[in-house]
Amino acid sequence: MPTSKDVAEAAGVAQSTVSYVLSGKRPISEKTRKKVEAAIEQLTYQPNAGARALASRRTRVIGLVIPFIPELEMASIMEFVSVIASTARQYDHDILLVTEDEGAAGLRRVVGQQICDGLILMQVEDEDERLPVARTLNVPVLLIGIPRDPSGLVCIDADFEMAGEHCVRDLAAAGHSVISIIDWQPAVVNRHVNYVDRFMSGADAAASALGVTVQHLPGGPDQAIIADSVDKALAATQGVPAFIAPDRTVQDILRRALASRGLTPGVNVSIIGSATPTLAELQPIPLSTIDLRPTEVSRRAVKIICQLLEADSQGPHESLELVPTVITHRSSTLRPPHGA
């Protein structure tokens, strides 16, 4: 396996010059740089990651902290993990996945052991016990999610308030005057993750502005609860019913409950749910969805934290970015009357 000494001999330069070309810590003439790069390519030299980490005092590892709690919807989480890992590689970083629900102690552990240069936190709650510690760490910390008090923190998330508003406006435009929202499962609601309140707030604001009625009904994986929510929604609806189901775990149960009552999405009931494009198309009736854009949120998160690492600033840092959401129409929703 070639070493930096072999590269230096092939390029006719000092070994330290090879190091400077790789690290960029000293200016090197263009002619010398090209000689070194040509030798690296010729020898297929790969710098030793450990040695490079020691030289830069960087691990080039980002900790991704996601407590794997029972109610977590793993398919959704893996969308984030996959994109974060692949994007991090584009910035020459790897990902350390931290899945134990260790709270603030987990942050202190991974930062104290110096096994990562920065942290991305997910599953952020309104009053998250990790945040006071996150504000004091000497490494960049980015949140995917927004706590009640985001001061002194770098946050990014889908614009859930916009998502709720879009869903109600879309269904109202299709002629629905009563719209029923099937809530996230109780375990998610009880954790007080901020996106639930933001989604509902946007939906309620749109309903008030448009003069339509929004009902909030219990969700979750229990078929009896969903059946009861459907019956309450139908009892309160005059005209064609409409449902919003932002929690993916309830969508199959909701579809079956509606089918058992003679309701067919896109024919005599409308449903807007949340799913990847592939899963939405695979539904018996392709599902109209509110796209919360996990891919874009993940890419932006990695870009922001890598920019903070590159700047080598100790902080404090504070920013908040919301990624706009969009509705994709498929067959599960009625469309506005022609000319409306």
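This is a predicted model: local features need pLDDT of at least 70, side-chain atom pairs count only at pLDDT 80 or more; totals for chains, interfaces and linings use all residues.

Which side chain meets that of aspartate 228 in a salt bridge?

A: The partner you are looking for is lysine 232: its side chain and that of aspartate 228 meet in a salt bridge, with 3.1 Å from N to O. Side chains of opposite charge can pair when their charged atoms come close. Now find the pair in the structure: both aspartate 228 and lysine 232 belong to helix H11, which covers residues 223–235. They are four residues apart, and that is about one turn of the helix.

Next, consider the surroundings. Aspartate 228 has a relative accessible area of 38%, so it counts as partly exposed. Lysine 232 has 46% relative accessibility, so it is partly exposed too.

Glutamate 321 forms a salt bridge with arginine 300, and their closest N and O atoms are 2.8 Å apart. Here the pair links distant parts of the chain, because glutamate 321 is in strand E11 (residues 319–323) while arginine 300 is in helix H14, 21 residues apart. Glutamate 321 is partly exposed, at 26% relative accessibility.

Some salt bridges share partners, and in this way Arg60, Arg89, Asp92 and Asp94 are joined into one network.

For a buried example, turn to arginine 130 and aspartate 128. Their side chains meet in a salt bridge of 2.9 Å, N to O, and both residues are buried. Altogether, the count comes to 18 salt bridges.

How values were computed. Residues are numbered from 1 along each chain as its sequence is written. Side-chain values use heavy atoms; hydrogens and water are left out. A salt bridge is a side-chain nitrogen of Lys or Arg within 4 Å of a carboxyl oxygen of Asp or Glu. Buried means under 20% relative accessible area, exposed over 50%, partly exposed in between (1.4 Å probe, protein chains only). Helices (H or I, at least four residues) and strands (E, at least two) are DSSP runs, numbered from the N terminus.
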